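Look at the structure first, then at the points below.

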Amino acid sequence: MLEFIIKLHPEIAIKSKSVRKRQTLLVEQNLRTLLKHLPHKVKVTGYFDHLTVTSQYETSAWRQELITRLKCIPGIVAFAQMQTRQFTDLADLFQQVAAVYQSQIINKSFCVRVRRQGEHEFSSLDAERYIGGGLNQLVNSARVQLKQPDLEIKLEIKQQQFLLVTESFSGMGGLPIPSQSDALSLISGGFDSAVASYLMIRKGLRTHYLFFNLGGAAHENGVREIAFYLWKTYAASHRVKFVSVDFAPVVADILEHVPTGLMGVVLKRLMMQVASAMAEKLGISAVVTGESIGQVASQTLANLAVIDQASPSLVLRPLIYHDKQDIVDLARQIGVAELAGSMPEYCGVISQNPTVNAILSEVITAEAQLDPRRINQAIEQAKILDIRTVEYQAEQQAGVIATEAILPANAIVLDIRSHDEVDARPLQLQQHQVLTIPFYRLATAFAQLDQQQQYYCYCERGVMSRLQALLLQEMGFNNVAVYRP
């Protein structure tokens, strides 16, 4: 049997009793929602200060699948795999613990914590001293340290059984969705907006996505992939919206009528106007951006203050003090760095000498030269999609892309899943070559492949494979299709 004990984020533990109970219940409900669609039955049990996840089915692939899922659920700061074992006496108990922890305490400080229920010839303190002393003698480089040790060995003894932690894992932390309401995140496909969206998810906000399209279908497909990845990986317990706004006509108006130094600030203000209108339409009170102080000319304090004047909505900027390298590092950690790095830059307006100290009255005068009908049209014609329908939308847009269940003899399959998914459920085809190229690398790696061959993209649900095939066709590659067994 597989058994995991779930530790909740410390911010949940310090809440009042009623708030802690509610947020613990949210984590429990989200776990059940995310795990019920897996191929094997999983039981989630809630307690006062922790949760447990158990499954009667036990294979290495299934274990890895559960670990991957548990690492990406907001509200879980850490979890550990447990084993229920039998023991005869204290010496037997020590030998079993030593077999697991001997290699883990080399050159580390440690302590043993025991909780005991039932009738035994020893107390909890006796067990801690016996096991801790034995491990200390067994490993010369280890040392017992009762306060803030490198490793804490926890045992729970019930009658002649005990629970042993065999391996510990870090979760993503944060607060459970949707403990902090909803937000509409402006997502462009770059590092900043993706990381900002992730941080809002981690903070317990049900995060919807708003995309301003400046580069046509290829741009939208790429951004939709990032939004879908963030949702599927970290927030799939709740449905969210993906909103696409055609902003090219507005940009054209800015280029024609706005002084060059004010173009960037005006563009951001108009985006904030539309974002606030869409947020109000969806019943959302906060807008999220990936802006960071001083990163570009439009992100000075003076310019941000002018930009904020255009939005009646609360504007959240989770990256406001982050350096660019910090943002890129976090993007790499959450799995979007290479996909964001492969996105082309779609700069709506590029000023030769952008102002870093915009004056509100001058900006308003410049905006008065623009046609307000274009903003109204952008709002009215915005596409609002349930992000779960990305699969359906991909099918509609990718009608020209062949989908094959039976591959021709010379076909090469591109497994575009993430490495964790590949490790958990390897694709094994006896008659065909399989190349593993994660979807976030495919746009750049495909050009290096032999273009005389025919390739078939594969992922489990077929969503990413269709979007990637469509993107490759937009880039001019016609030797790509989809494998859907």
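The model is predicted: local features need pLDDT of at least 70, side-chain atom pairs count only at pLDDT 80 or more, and totals for chains, interfaces and linings use all residues. Residues are numbered from 1 along each chain as its sequence is written, and side-chain values use heavy atoms, with hydrogens and water left out.

**Overall count**
- The structure holds 20 salt bridges (a side-chain nitrogen of Lys or Arg within 4 Å of a carboxyl oxygen of Asp or Glu).

**Glu11 and Lys203**
- Glu11 pairs with Lys203 in a salt bridge, with the closest N and O atoms 3.5 Å apart.
- Glu11 sits in helix 1 (residues 10-13) and Lys203 in the loop between helix 6 (191-202) and strand 10 (206-213), so the pair ties together parts 192 residues apart in sequence. Helices (H or I, at least four residues) and strands (E, at least two) are DSSP runs, numbered from the N terminus.
- Glu11 is partly exposed at 28% relative accessibility.
- Lys203 is also partly exposed, at 36%.

**Arg425 and Glu65**
- Arg425 forms a salt bridge with Glu65; their closest N and O atoms are 1.8 Å apart.
- Arg425 lies in the loop between helix 16 (419-424) and strand 17 (433-436), and Glu65 in helix 3 (residues 60-70), so this pair ties together parts 360 residues apart in sequence.
- Arg425 is partly exposed at 27%, whereas Glu65 is buried at 7%.

**A network**
- Salt bridges link Lys268, Glu291, Asp308 and Arg317 in a network.
- Within the Lys268–Glu291 salt bridge, the closest N and O atoms are 3.8 Å apart.
- Glu291 is buried, at 5% relative accessible area.

Notes: Buried means under 20% relative accessible area, exposed over 50%, partly exposed in between (1.4 Å probe, protein chains only).
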